[in-house]
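I opened the model to look up a few local features. The entries below are in the order I took them.

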Amino acid sequence: MKALAIAFLILGLHAPYLSAKEIKIAAGEWGDWSGPELINYGFVSQLITESFKLEGYDVVFEFYPWKRNYVVQLSGQVHGSAYWYPSI
């Protein structure tokens, strides 16, 4: 349960989506941490997937370039965005 609470904080999920058994997450590629070609889509994606799985949710990742990821998230096409890290 603690893992799911942390995932909700990271993803910024909204209450209307909590009744769905499938969570759609927008993600971007970042080295060995996240990417469509990595095993389990990378460490961060695996952590998110396993956290939601503990509570009976399936996670579907959609990978986008970072700017589009942000727009997709704001437009409500996905339930959340995987993670953001300042690279400046």
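I began at Ala-26, which stands opposite Ser-81 in E3. Strand labels here are DSSP runs of at least two residues (E), helices runs of at least four (H or I), both numbered from the N terminus. The model is predicted: local features need pLDDT of at least 70, side-chain atom pairs count only at pLDDT 80 or more, and totals for chains, interfaces and linings use all residues. Numbering starts from 1 along each chain as its sequence is written, and side-chain values use heavy atoms, with hydrogens and water left out.

Next, the sheet. I find 2 bridges joining E1 to E3, and these strands run parallel. Pairing requires at least two DSSP bridges between two strands. The sheet is open, has 3 strands in the order E2-E1-E3, and pairs them in parallel.

Then I searched the whole structure for salt bridges (a side-chain nitrogen of Lys or Arg within 4 Å of a carboxyl oxygen of Asp or Glu). The search gives 1. Glu-62 pairs with Lys-24, with 3.9 Å between the closest N and O atoms. Glu-62 lies in strand E2 (residues 58–63) and Lys-24 in strand E1 (residues 22–27), 38 residues apart. Buried or partly exposed, I asked of Glu-62? Glu-62 is partly exposed at 21% relative accessibility. Lys-24 is partly exposed too, at 29%. The cut-offs are under 20% for buried, over 50% for exposed and partly exposed in between, with a 1.4 Å probe and protein chains only.

I moved on to the loop between E1 and H2. Asn-40 is in this loop, with a positive phi near 55°. Most residues other than glycine have a negative phi. Asn-40 is partly exposed at 46%, and Tyr-41 is partly exposed at 36%.

Last, Trp-30. I place Trp-30 in the loop between E1 and helix H2 (43–53). Trp-30 is partly exposed, with a relative accessible area of 35%.
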